[in-house]
Structure formats: structure tokens, C-alpha cells
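Colleague: Hi! I'm new to this one, could you walk me through it?
Modeller: Happy to, let's open it up together.

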Amino acid sequence: MKLEILKEELNFGLSIVSRIATRNPNLPILEGVLLNAEKNFLSLTSTDLELGTRWWILSKVEDVGQVVVPARILLDLVKLIGDKDVQLESEKKSLKVKYQSGQSQIQGLEVEDFPLLPQATDDVFVEVDSWKFCQGLKKVLYCVASSESRPEISGIYLQFESKHIVMVATDSFRLAEKIVEPIEKVKGVKKTSLILPLKTAQQVIAVFEASSKSMKIYLASDQIVFEGGMDNGTHPRVQIVSRLIEGTYPEYQGVIPKSFKINVRVSRAQLLNKVKAANLFNDQVNEVKLMVQSKDKKIYVESRSAKIGENKSFIVADVQGGDVDITFNSRYLIDVLSNLTSTEIVLQLNDTEKAGLLRPADDDSYRYVLMPIKAA
């Protein structure tokens, strides 16, 4: 392998793939990045066996070939190189990194030991707006459960239909649902559902959120591939390949209340600030009480702690349907209010012990269901 490449392009690609290459005493090869020089391109690949990322960079390739080196060492070295161009040359298992002001040689690992990433096939795929898809993931992923006993809720449920994608996450105490539309192109997909690992969702957001192009999502029974193209041409720029979580996702629709007695429309930013202030007076229980008053057209926000003190404030709101006092986990309220961007939100309630629903006032495609904390 012998090639010349722009230092900034190499640095950026390594920063993407090195997130996956982590220290593994049992499998040192997983700490490596596979560099594959092919015609006009250098590809960088990393994997942890569950998740893999492949990144392509246009390069002046003199000799094709492959080498595996520790990802972190190569990334840290490239960051420190001040020159514009870098030459990479493999010599048996090692990699020579040459630049105008110096050169380095990194001892490599066995190429034959590096796990192969599955290839995407064109049989079943959808094409969606990258930014919209990532924003959808961000609005639900904070509800994912960290549960080894219930792996089916430790990921994000995705249901692909002909015109939209339904995204759902829950930890049994709260649930978020987001509908992303429209699907720009579809092939072989009628109604397909899967459970996406949280780590994969985070990598997809990190890689695709800033993209102005569409992404292709290739679907198979046990894996998923996210692919983005280069700005010019049809060659892929990046692929994220992931295994899926096995199991059946809970029938979540029954958790969402069908009707409500009380409807509240209120400023999202004001409610967020009041809940954050109340949270300062919480100890370990994270309780905040909302007292909704229809006559006063106000929501009183209250919290107290024997050790810290107490806090009580109010917000003017449009309240329809009656009064209710209800206690929620303050962190769960802060999570959703921080991740929404709408000016106003709608809070729908029934009584002290039944689930409430929160959504943006201007967006019916998102629903957040929150269980109350029942009085002891």
C-alpha cells in the first residue's frame, strides 16, 4: 500500500471510525483501524463486532494494499502533523507515515485477524433525509432503558412503512414516540420493524446529523446499514453497519392514553426553567409537583427537601378542563423539555395517578408519555 492523502481528510475520517475502536484486552485487533488502499480511495474501517464504521477518502493511490494499526495512535499522530499532505506506506505489518517535516512508523496488527463487515445489498432499503432522521432519534433516545434483563427495551424501536418511520423508546417509566416523514425512496419495504441498539443510534447521529444529503438505510433480518454518499459522485462516503437487538418490542400503543380531561398549553422555556429551579431543592428522589389550576390559569411548580429546603413558583398557562395535582420525576421532565424546540408545549392529564402526555403545540408527530410518582 502506498498513497498520498490530505492530512485534514485523514484526520476527520479517523475521528469518525476511532469512536468504535476501543481497548479490548481479549481481542486486541478491535483496537485497530483497517486501512485499505483501492483505486482512487483509502477506506478506514473499525468494528467492535456489534457495530462497525467504514469511511472512504479520495486519495492518490500508487499501490493498493491493506494494513491494520492501532486507531488511537494513528489519530493522535495525525492530529499533531502540521503539514498539508501525508504519505502512507505499508511495509509488512507496519505503517510508515511520511510528511514534510518528519516521518513515523507504527507497528501494525494482523490484517487476517480483522473482522469483515457485512456488505449492504440493494434488495431492501429506504432513503431518507439525514437531518430529519437524526433529529427523530435525538427526540427519543434519552428514554432508552439500560436494562440487561430486558434487552428488547435497551434500544430504539423502528417501524418502516411506505411513507414514514415510527421511532419509539421507553424505560417503562416514560415513553417517547416520533414519526419521521416523508421517506424519499423505498424498495422492498412494506412494513418492517426492528430494534436498533442505542450505541448505533448515537454513532448515526454523530456521523449524519450535519449532512445535507439523504442517507440510504439497508435492512436485513439481523442487521442494518446506514450509508451516506460523497458530495460529488455516487461512491459512498460512509457506512455504519450494526447488528440488531433480538426480541419482540412491547405493544407500546396500549400505554398511550386515548383521552384526557385536562389540557394545558404553556411556554416550554418557562416550564423548563421552573422545573430546573425546583430540581435544585430535590435530594435523591427527583420529585416535582405540578399543581394545575384552571380558574387561576396557572401551573404551580413545587419541590421540597428536609435537608435542602423548598421551592415554589408558578407559570401563567392556558388551562382547560379542571384542576389536578400531579407529581413527576423532575429529570424526566427536564429531558423532554430540553430536547424539544417548540415555543409552547401541550400537557394533557387525567388525574393524580394516571399517565400524562406532553407534546409540542405545533407538532403532532411527537408524543411523550410520562408516568406520575404515586403518593406513598
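**The open sheet and its helices**

Modeller: Let's begin with an open sheet of 4 strands, ordered S22-S21-S20-S24, where the pairing is antiparallel. Bear in mind that this is a predicted model.

Colleague: Which strands stand at the edges?
Modeller: Those are S22 (309-316) and S24 (324-329). Each has a single partner strand, so one side of each is left without a neighbour in the sheet. From one strand to the next, the twist averages 20°.

Colleague: And over how many bridges do S20 and S24 pair?
Modeller: Strand S20, residues 287-293, pairs with S24 over 6 bridges, in the antiparallel sense. If you want a spot to look at, find Val288, which stands opposite Phe328 in S24.

Colleague: Nice. Which helix packs on the sheet, touching S20 and S24?
Modeller: That's H6, residues 330-339. The direction of H6 makes about 85° with that of S24.

Colleague: What about H5, which strands does it lie across?
Modeller: Helix H5 (residues 268-279) lies across S20, S21 (298-305) and S22. Relative to S22, H5 runs at about 170°.

Colleague: Switching to side chains: where does Asp335 lie?
Modeller: Asp335 lies in helix H6.

Colleague: Is Asp335 buried or exposed?
Modeller: Buried, because its relative accessibility is 19% and buried means under 20%.

Colleague: Which residues does Asp335 touch, leaving out those up to four places away in sequence?
Modeller: Tyr142 and Arg174. With Arg174 there is also a polar contact of 2.8 Å between the two side chains.

Note on methods: Residues numbered from 1 in each chain as written. Predicted model: local features only at pLDDT ≥ 70, side-chain atom pairs only at ≥ 80, totals over all residues. Heavy atoms only, no water. Pairing = 2+ DSSP bridges. Helix = DSSP H or I, 4+ residues; strand = E, 2+ residues; numbered from the N terminus. Axes fitted to C-alpha atoms, helices over the stretch in contact; angles between N-to-C directions. Contact = heavy atoms within 4.5 Å. Buried < 20%, exposed > 50% of the residue type's maximum accessible area, 1.4 Å probe, protein only. Polar contact = N/O pair within 3.5 Å; in protein donor to acceptor, adjacent residues only side chain to side chain.
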